[in-house]
Amino acid sequence: MKTKNLTLVPIAPSIRTAEFIARQLTLCPLDAEEMAALGYTSYKALFECCTRARDLYIGLLDGDICGVCGVAENPFVDIPFMLSDGRAREKYPKQFLKISRMFDKECMGKSRYLENYCSEHNQPSITWLKWLGFKFDDIECHISNGVKFYRFWREKNVSMG
């Protein structure tokens, strides 16, 4: 998946991939704070995502790693995730949304039901997830280290028609 400056490349989840990405990518403050509230360092969060994903994509901005996204599976629900340095959304918002829609169709579209949690402080992610058709619970579902997290979810065909 490619736009002018932004590319999403599918990669195989592995320990080697996880270590490489976790060393290369510095999370944006909102993502780093969200992971810290859950007890994860940025390195550990990236490592976990890159080893547990069913589908894993690396984001490249003008050839440099700018994020990872994908879907992890557990027995009951597929878990969408995106961790990034924030540059793609800030520098090229239209391209970011275009490639997000491509990722949504190709990767998240395989799932019947998707669910995860987002910090109340991560408003850019909440806005983006709503744009992708995710619903948010009205009340906080989880509090970790004093930070409220809201459950977001989507059933198949909400964004894909």
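**Exercise 1.** Determine which element gives the largest share of the lining of the largest pocket, and describe that lining.

*Solution.* Begin with the share itself: strand β4 supplies 5 residues, the largest share of the lining of the largest pocket, where a pocket is an open set of points on a 1 Å grid over the protein atoms alone, with protein on both sides within 12 Å along at least five of seven lines, and lining residues have an atom within 4 Å of a point. The model is predicted, so that local features need pLDDT of at least 70 and side-chain atom pairs count only at pLDDT 80 or more, while totals for chains, interfaces and linings use all residues. Residues are numbered from 1 along each chain as its sequence is written, and side-chain values use heavy atoms, with hydrogens and water left out.

Next, take the volume, which is about 670 Å³, counted as the space filled by probe spheres set on grid points joined across faces, edges and corners. Of the 29 lining residues, Cys-49, Ile-79, Pro-80, Phe-81 and Asn-116 are the closest to the centre of this pocket. Finally, sort the lining by class, which gives 20 nonpolar, 4 polar and 5 charged residues, with Ala, Val, Leu, Ile, Met, Phe, Trp, Tyr, Cys and Pro as nonpolar, Asp, Glu, Lys and Arg as charged, and the others, Gly among them, as polar.

**Exercise 2.** Find how many cavities of 30 Å³ or more the structure holds, and characterise the largest cavity.

*Solution.* The count is 1, a cavity being a set of points where a 1.4 Å probe fits but cannot get out. The volume of the largest cavity is about 200 Å³, and among its 21 lining residues Leu-8, Gly-59, Cys-69, Met-82 and Phe-96 lie nearest the centre. By class, this lining has 12 nonpolar, 6 polar and 3 charged residues.

**Exercise 3.** Classify the ring pair of Tyr-57 and Phe-103.

*Solution.* Start from the total of 5 aromatic pairs, for which rings of Phe, Tyr and Trp (its six-membered ring) must have centres within 6.5 Å, with planes under 30 degrees apart counted as stacked, over 60 as edge-to-face and the rest as tilted. The ring centres of Tyr-57 and Phe-103 are 5.5 Å apart and the planes stand at 85 degrees, so this pair is edge-to-face.

Key
Helix = DSSP H or I, 4+ residues; strand = E, 2+ residues; numbered from the N terminus.
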